[in-house]
Amino acid sequence: MVFPQKVYAIGKDEDLANVHIWSYNGSDAQKFKLFYTSTSTYEISAKSSNYKKAVVTHGYGCSKGDNVNQYTYSNHPNEKWILEPVSKNNVMGVKYAKDNWNSYVYAYPNLTNFHGDCTNFVSQCLLASGRHIDNSAWGIYRKNRNYTEISDINQLNDSWALTDPSPWISAKEFKKYWSDRVGTFTLKGSEILKDPSKAWNLAIVQGCVIQKADNFLGIQGNATHSMYITGYENNSYLLTYHTNNTLNKNLLDFCRQEPDAYYIFYVF
């Protein structure tokens with residue numbers, strides 16, 4: 001086994017002890033444990049505190065260069081870390097969706113009362129599955145903690161950095177961005193109801209995405225709703241999504257409600 005020369009360490013069992021780099025020596029200060037939370041985030045604690053104190057961003061800091069230190073764990077957002085798979089792992093994205101279908105992770109805005117949270121939620125699931133942020137287009141960054149539940153564009157711009165228009169939060173822009181990067185299939189709801197195998201036989205698995213698009217005079221219009229595939233039922237897909245927070249709704253039930261809509265399948 002090869003050990004790195006320098007590793008992160010917390011040398012003291014006390015609140016506000018700093019996290020720093022130190023030559024590797026195998027001490028308890030350099031041994032950390034990850035604790036899984038209910039929202040698919042992680043608490044990180046050092047053995048030197050008997051895993052009672054967490055690695056935190058000091059003062060809920062969101063800016064580049066803000067300090068990271070240790071504090072007694074109290075289930076606050078600045079003690080919870082998002083870990084991304086290095087490579088694609090749809091299982092992680094599905095778990096994230098099931099953990100958070102009816103909740104909101106503090107690292108992201110809650111857009112339910114703005115223009116809907118469905119695409120924001122699907123983007124989080126994709127990130128959790130190893131689709132890494134593209135800072136030039138598909139991504140989001142929290143600038144401060146002034147706002148979390150967003151009700152207007154000024155609040156969003158105050159506390160978040162993202163491209164405008166943004167495929168991270170907009171169903172319409174999500175379609176434009178990802179259609180050029182992954183394989184897609186489109187079927188009308190009535191087609192799926194008449195022959196469900198047309199959808200079932202596509203190269204679609206858990207962790208892929210389905211969007212609903214408008215029917216504009218018989219032509220596919222803008223995408224209006226984004227959903228994440230989290231399971232299967234009766235040769236159909238189960239969809240989980242935000243805005244009208246829903247876990248595992250059968251695609252066929254969706255098609256029965258809106259048979260004239262178009263459904264876009266994204267192969268992630």
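Reader: Where is the place of Gly231?

Author: Gly231 is in strand E11, residues 219–232. Strands here are DSSP runs (E, at least two residues), helices are runs of H or I with at least four, and both are numbered from the N terminus. This is a predicted model: local features need pLDDT of at least 70, side-chain atom pairs count only at pLDDT 80 or more, and totals for chains, interfaces and linings use all residues. Residues are numbered from 1 along each chain as its sequence is written, and side-chain values use heavy atoms, with hydrogens and water left out.

Reader: Why does Gly231 count as buried?

Author: Because its relative accessibility is 8%. Buried means under 20% relative accessible area, exposed over 50%, partly exposed in between (1.4 Å probe, protein chains only).

Reader: What does Gly231 touch?

Author: Gln206, Ser236, Tyr237 and Leu238, not counting residues up to four places away in sequence. Contact means heavy atoms within 4.5 Å.

Reader: New topic. How many residues has the largest nonpolar core?

Author: It has 31 residues. Such a core is a set of buried Ala, Val, Leu, Ile, Met, Phe, Trp, Tyr and Cys residues joined through side-chain atoms within 4.5 Å. Among those with the most contacts inside it are Leu126, Phe174 and Trp178.

Reader: Which helix gives the most to this core?

Author: H2, with six residues.

Reader: And what does Trp178 touch?

Author: Leaving out residues up to four places away in sequence, Trp178 touches Leu126, Arg131, Trp138, Tyr266 and Phe268.

Reader: At what angle do H2 and H4 pack?

Author: About 40 degrees, with the axes 9 Å apart. Axes are lines fitted to C-alpha atoms, for helices over the stretch in contact, and angles run from 0 to 180 degrees between N-to-C directions. That makes H2 oblique to H4. Under 35 degrees is roughly parallel, over 145 roughly antiparallel, 65 to 115 roughly perpendicular, and the rest oblique.

Reader: Which residues make the contact?

Author: Thr119, Val122, Ser123 and Leu126 come from H2, and Ala171, Phe174 and Trp178 from H4.

Reader: Switching to Asn90. Which helix is it in?

Author: Asn90 is in H1. Asn90 counts as buried, at 13% relative accessibility.

Reader: What does its side chain reach at 3.4 Å?

Author: The Asn90 side chain reaches the backbone oxygen of Phe268. A polar contact is a pair of N or O atoms within 3.5 Å; within protein, one must be able to donate a hydrogen and the other to accept it, and residues adjacent in sequence count only if both atoms are side-chain atoms.
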